[in-house]
Amino acid sequence: MRIETCFLRRELDGRALGAAKRLAPFLGSAPLLDVVDVILTDLSLPSSLVEELFADPVVQYIASAAAPSLGAFAGWDWLVEIAYRPGVTDTLALTAREALSIAGLSVSGDSVVQTARLHLLRFPGLSREAVSRAFAPFWNPLIQTASFISAAEWAEGGRLPDLYPVVSLHESREPRLIDLAAMDDAALLRLSAERLLALSLSEMQAVCDYYVVAATAETRTAAGLPPAATDVEIEMIAQTWSEHCKHKIFNARIEYRDESGAQTIDSLFTTYIKATTDKLQPSRPDLLSVFTDNSGVFAFDESYAVCVKAETHNSPSALDPYGGAITGIVGVNRDILGTGMGAMPLFNTDVLCFAPPSTPDDQVPEGLLRPRELLAGVHRGIVDGGNQSGIPVAAGAFLFDESYMGKPLVFCGTGGIMPLRLRGSPSWEKRIEAGMAVVMVGGRIGKDGIHGATFSSLALDETSPSSAVQIGDPIIQKRMTDFLLEARDLGLYQGITDNGAGGLSSSLGEMAESSGGIRIDLDACPLKYPGLSPWEILVSESQERMSLSVLPEFLGELLDLARRRGVEATAIGEFTDSGFVELRSGGKTVGLLDLEFLHRGLPRMRLEAEWKPRPAPASATLVDRGDWTGTLLAVLAEPNVASKESLVRQYDHEVKGISVEKPFTGLERDAPSDGAVLKPLYSSWRGLCVTHGINPRLSVHDTYAMALAAVDEAYRAQIALGANPDSAVALDNFCWPDPVAAPDNPEGAFKLAQLVRACTGLREACLAYGLPLVSGKDSMKNDAFAGGRRISVQPTLLVTVVGTIDDCRKALSTDFLEPGDLIYILGETSGLLGASILERTIPGGRDGHAELGPCPAARPERHILLYRALAKAISGRALRSCHDLSDGGLAVALAESCLGGRLGARLRLDALPGMPNPAAGVSSAGAAATTAEATTAEAARPEALPRAACCLFAEDPGRFLVSVRPEDRERFERSMANLPAALIGEVTEEPGIRASLGGLRVLDADLASVERAYKTPIA
Amino acid sequence: MKPKALILAGYGFNADAELREAFGLAGAEAERLQLSDLFADPEILERAEILAFPGGFSFGDHLGSGQVAALLCRRYLGESLRRFIATGGLVIGICNGFQVLTKLGLLPGGGGSAPSREVTLIQNESGLFVDDWVDIHFEHKTACLWTRGLEDRMLPVRHGEGRFVAKDESVLESLEAGGLVALRYASGSNPNGSARDIAGICDPSGRVFGLMPHPEAFLVRENHPLRRRAKVGKVGIDLFENGVRAARDRL
């Protein structure tokens, strides 16, 4: 039967009004539209129950067996119904089933409950093609179907289905045998390609070699297995050896060449990332667990530990933006829940990169989603995923660059908290020992997400499997999280990890390393629907699942608590010390893999990297506009700078009651913050600061400068918020174009060199700032093939920094507070404009933007002196506001600080530290030592660039814009002695932003036009 | 003796920790209680003075916000909950909790043994979830025990379905006449299109109360967006103190 629910009055249905607005551009004007929620079921339900469950009698009409279908009402021209394809997670239907059970109905596994969304469109004269085109953004053919019925077709008896097709699978439960020994190289490669194993020839050969060893044959015979590999085993090896799980590129042996010679790098991870933390570790006793667990753990205070992790979910988001983003969030939340004995997720972060939403449709290559739809879908996923989980979004960013046309970047991060000790033991350690039960908790297993781990290691093309798309259910996960934290505190389990990429094969394969073996009964795993083959059960990435190790004496109590909390938990095997992963199905062994081979049998990759310095950009020209007010407004309106408040206000950042510094700040809560400050404990003033650094535009020039800038931006924002400079930890997330050279990837060696240089910059900056890397992730295939070409992302490094502030009452914000306060710029300005936002507002050159010469570079070993002095001044309450200078430079920071306070500013730009004094020809920097280098920078600055533009819009790292009370002037200046700091103006009551240079007015913007420009809609 | 406040949790409610903290600061013995434990033993209610439904996304707001949680409460708690209220117990529902109370028909209530649903909270007029701090006006003439004498101030709101609507105008009129409107969004600050700017209502006894804003997320001055400026009103705890005081009178 069909149950249809619709609002009695259209004007009460916000969804319908919103949908009508989305249709308007396609139809010429907004249509009249009703949106109907549809439940389809083969159960027969009494009408009283239908009304109680599925309608709000105050405002809704309900049609079911007892009342006429909404289609029967006249007045519509087209019906459009969108339903899920079989097997796609339908979270609404799961809740409907649960509600029916609560109401006392017996809802067996065979009974069908589905949901759909029906649109009644009133807009005469539309063809099927026109309706179909207008509704295209409403559904995703990978996971949904759409039916269109015109009024005429309805009159002729056309109807919508009473039920949609359900999954019907008949996969063999018998494992298929794969005789690798009989295969030549070509056959091995074909097998890898056809099964989406994503393994190279040498990796396939290593697998082959394992099976021909006599010892392997012996153990297989003893277990009743044939000598040939089973599909279950091959799939498990491929998942375990995937780039996603084993980070093969970061662990490769790399021959690197650049203009100064050649060198061999024995693992980027060991050389640049781990070595950095190893070096810093002696001075950081607060680091509790780095690189070994699902997230990095550090001590927050004497009683609590905080852990942090960031992930990417780029490939799934490119296919299904909504589901991909939700899954990204709930996935990284599970990393926190799976850290140590399990931490409680405390905050989320989201950094999202897309092609500009204004990209004309005809410039979007065939087969790719339009950037504005990607943005809308991913954003909606983050809204639902984060909000429903009850985890505040603390900080994030939106970036726009043409290179993200092929794959968007969706960085999802989470921080968590747990007591330092649980029942007397360190919370960051887990116990997984032979004899303990293997328990799977959470959602059931379906076909969704099969091959996700290997899929993310492949470039997108037309054959990308839709089964790689999963839709997360934040509510199932929230309930599981509550249950697990309760079970943790009761001591009902001993170890925990999350099921992410690779499903059980990865999580249990990892856990088995601790105990020395595992036996998994694949038949015991709860399934969404019957008919999955054993290998599918093992590698499925169905969401909301965690794996536990449980001492047998606690198993009963654990399962009982799960039942009471409405959470599924099942014992599916036992940890052993056999040295093997043993997979059982149908009463026999279907897979047997040596753990040592599984985890250490993967051959090292050997790669070549060749750096070619970028040829000097064509000489830059920029007309001296005299007055740069219009330029400021254009820079403020550029999508990377313009306000994202309308998007960010849809994220819950207040839940848990721990928010101090919020994404938007100031008198009207509409000026951007430098990051978040949270107060995680109700009983303490100690705060957490969360910041980001990311600047992919610099990668066009040099990824070394890009990485320096990313670390600098994130660390500097910590200082601006008031964080303790010695308390911060960092996460590195690399998203790269494929850096493995191949015939179809001729630039591979250069992209790998870019990676090497980025790692060099990352290490250098982290060491200078005393910033240990505690966790990280890399995503190495951010390419798409579309329209006959490869579209690769700009090499992108996101640095997330989490630090502490001893007293969050001292945390600063970016807004000016009072007229008369003095304005200082801290840090040096080179005036270089390459890779700036200003560049993006001038037509011509790369991707349609001009080039304005070389870009500035961070010098962390110098910046740190300023940062430490500033942190001390902030802690001494010598400052009124502090804003880091980033996109758009001084002019944008000034505009934002003024907007926040609804105040104006008067500035003189003649003596910015670092910029040479044109009259004297020497630097006016506060520190004499800077003169020589600043002059060098000046020499590099093309003379064609007007000085005012350089002062206002250069994006040199290492700088702040701060305001100080006049009575604090002396003590503030004392704290900045011998550092690059200059008094450049004062805050004014009158809301105008004025700046002069050489006695001439170069900027004169009223706050109202600044606000208008800053709030230019980005899509 | 401190009055006991039970803060419900589970099924996707998520603002229980801060609500427990708020009740603790307000002087209650605040205890987090899994709804499933309450269903298993509804008599727990007899040992408490205050029952609090927190904010969140019970059952994901699927089938309508608060809808499935209300069904659960009706099936497993119905008589006990009615008895709790009839014998002087206090109930507060915030955001998702407010949605549950309207869907249970406990608000505006007064229907005796067969509560009917006369008001509801539907999707915001904008169609979008909103997180912001907005100006709130507390009604001076109200039956609500929870909001008596409170000063106007900013409070955080964060919801996708907070638009207060009634079955018809007469329901709204009787809410006004009965003093059941406890708080409103200040003029120009209505974030969701609620009828008559209504942000919270109570039942005729004044003991059962629901609101969309989150006073429990305003625990300390530092939560306020204007924390660095002079003009920050009182933190949200006094609302809970009112409830705790009323509960203490009953002890």
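1. Let's start with charge. In this predicted model, chain A carries 94 positive and 129 negative side chains. The centres of these two sets lie 3 Å apart. Chain B has 29 positive and 32 negative side chains, with 2 Å between the centres of the two sets.

2. Next, look at the overall form of chain A. Its C-alpha atoms fill a box of roughly 85 × 75 × 60 Å along the principal axes. A compact globule of 1019 residues would have a radius of gyration near 31 Å, so the 30 Å of chain A agrees with that expectation. As you trace the chain, you will come across 31 helices and 43 strands.

3. The accessible surface of chain A is about 34500 Å², and carbon and sulfur atoms account for 53% of that. For chain B, the surface comes to about 8000 Å², with 48% belonging to carbon and sulfur.

4. Contacts tell you how the sequence folds back on itself. Take the contacts between residues at least 6 apart in sequence: in chain A, 81% of them join residues at least 24 apart. The corresponding share in chain B is 74%.

5. Nonpolar side chains tend to be buried together in soluble globular proteins. The largest nonpolar core here has 104 residues, and A:Phe54, B:Phe23, B:Leu51, B:Ile92 and B:Phe209 have the most contacts inside it. Helix α3 of chain B (residues 67-86) gives this core its largest share, 10 residues. Another core, of 76 residues, lies apart from it and includes A:Leu352, A:Leu622, A:Ala891 and A:Ala893.

6. Setting aside residues up to four places away in sequence, its contacts include B:Leu6, B:Leu38, B:Phe84 and B:Ile92.

7. Finally, find A:Gly386 in helix α14 (residues 371-389) of chain A. Is this glycine buried or exposed? A:Gly386 counts as buried because its relative accessibility is 0%. Beyond its neighbours within four places in sequence, A:Gly386 contacts A:Ile329, A:Asn348, A:Gly381 and A:Ile391. Its C-alpha atom is 9.8 Å from that of A:Asp350, which is 36 residues away along the chain.

Methods
Residues numbered from 1 in each chain as written. Chains lettered and ligands numbered in written order. Predicted model: local features only at pLDDT ≥ 70, side-chain atom pairs only at ≥ 80, totals over all residues. Heavy atoms only, no water. Helix = DSSP H or I, 4+ residues; strand = E, 2+ residues; numbered from the N terminus. Rg over C-alpha atoms; globule rule 2.2 N^0.38 Å. Contact = heavy atoms within 4.5 Å. Areas by Shrake-Rupley, 256 points an atom, 1.4 Å probe, with all protein chains shown as cover. Lys, Arg positive; Asp, Glu negative; His and termini not counted. Charge placed at Lys NZ, Arg CZ, Asp CG, Glu CD. Core = buried A, V, L, I, M, F, W, Y, C linked by side-chain atoms within 4.5 Å. Buried < 20%, exposed > 50% of the residue type's maximum accessible area, 1.4 Å probe, protein only.
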